[in-house]
Amino acid sequence: MENGFTLYLFLWATIFFGILLIIPFGKKEKTGKLLDLGCGTGRLGEQVKDWAACLVGLDLSAEMTRQARETNSYDEILCEDIISHLSNNPHTYRLIIATAVLLHFSALEELFDLVSKALTPYGAFVFTIHTCAKESIQITNKLYFLHSETYTEKVASKAGLKVMYKKSDIHEI
């Protein structure tokens with residue numbers, strides 16, 4: 001879908017609906033660690049803080065992490081690169097969220113492989129992509145990346161993730 005985005009929910013390993021921790025899925029429970037990739041100013045953290053026993057925010061920008069701290073939503077906020085964090089962090093997460101983040105990545109293979117390894121068994125990866133219809137990856141004149149649904153699903157499958165939910169919508173771009 002041109003100028004749209006797709007919300008995905010991928011589940012690592014096997015299908016199990018009981019652990020889904022994010023709106024509109026499952027029951028609201030404070031279970032497990034949740035990682036908010038590219039947490040920015042912390043707006044998502046405010047929405048999901050009651051769904052995790054431990055909420056970790058991660059962003060590359062010191063200014064963004066400063067603003068996220070002010071929300072008092074996160075148990076921990078890290079100013080780090082996503083790939084470095086996922087490569088070097090021994091922790092696993094019940095849920096990893098990346099909203100409006102993947103548009104900063106060209107190829108998704110390394111990221112999806114690292115996310116898959118960072119998830120607990122039955123953990124979930126929820127993310128949005130800005131989609132393109134023709135090519136697997138396309139760069140816009142605003143210098144962010146679009147990913148085709150076919151490419152995204154292929155990369156996720158290769159990383160051991162299974163599509164649990166997918167919804168397309170229009171974005172304000």
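**Close-up views of a predicted model**

The accessible surface of the protein comes to about 8,700 Å², and carbon and sulfur atoms account for 53% of that area. The model shown in these views is a predicted one.

View 1. The protein has 173 residues, of which 48% count as buried.

**View 2. Helix α5, with its buried and exposed residues.** Helix α5 spans residues 149-158, and its buried residues are Tyr151, Thr152, Val155 and Ala156. When α5 is seen down its axis, these buried residues fall within an arc of 130 degrees, and they therefore line one face of the helix. Thr150, Lys154, Ser157 and Lys158, on the other side of α5, are exposed. An α-helix has 3.6 residues a turn, so residues three or four places apart point the same way. Glycine 160 follows α5, and its phi is positive, near 90 degrees.

**View 3. Arginine 66 and glutamate 63 in helix α2.** The structure holds two salt bridges, and one of them joins arginine 66 to glutamate 63, with 2.5 Å between the closest N and O atoms. Both residues belong to helix α2, which covers residues 62-70, and they lie three residues apart, about one turn of the helix. Arginine 66 is partly exposed, with a relative accessible area of 37%, and glutamate 63, at 39% relative accessibility, also counts as partly exposed. Side chains of opposite charge can pair when their charged atoms come close.

View 4. Glutamate 70 and arginine 66 are four residues apart in helix α2, so about one helical turn separates them. Glutamate 70 has a relative accessibility of 53% and therefore counts as exposed, the cut-off for this class being over 50%. Through salt bridges that share partners, Glu63, Arg66 and Glu70 are joined into one network.

Terms used
Residues are numbered from 1 along each chain as its sequence is written. This is a predicted model: local features need pLDDT of at least 70, side-chain atom pairs count only at pLDDT 80 or more; totals for chains, interfaces and linings use all residues. Side-chain values use heavy atoms; hydrogens and water are left out. Buried means under 20% relative accessible area, exposed over 50%, partly exposed in between (1.4 Å probe, protein chains only). Accessible areas come from the Shrake-Rupley method with a 1.4 Å probe; for residues, only the protein chains shown count as cover. Helices (H or I, at least four residues) and strands (E, at least two) are DSSP runs, numbered from the N terminus. The arc is that of the directions from the helix axis to the C-beta atoms. A salt bridge is a side-chain nitrogen of Lys or Arg within 4 Å of a carboxyl oxygen of Asp or Glu.
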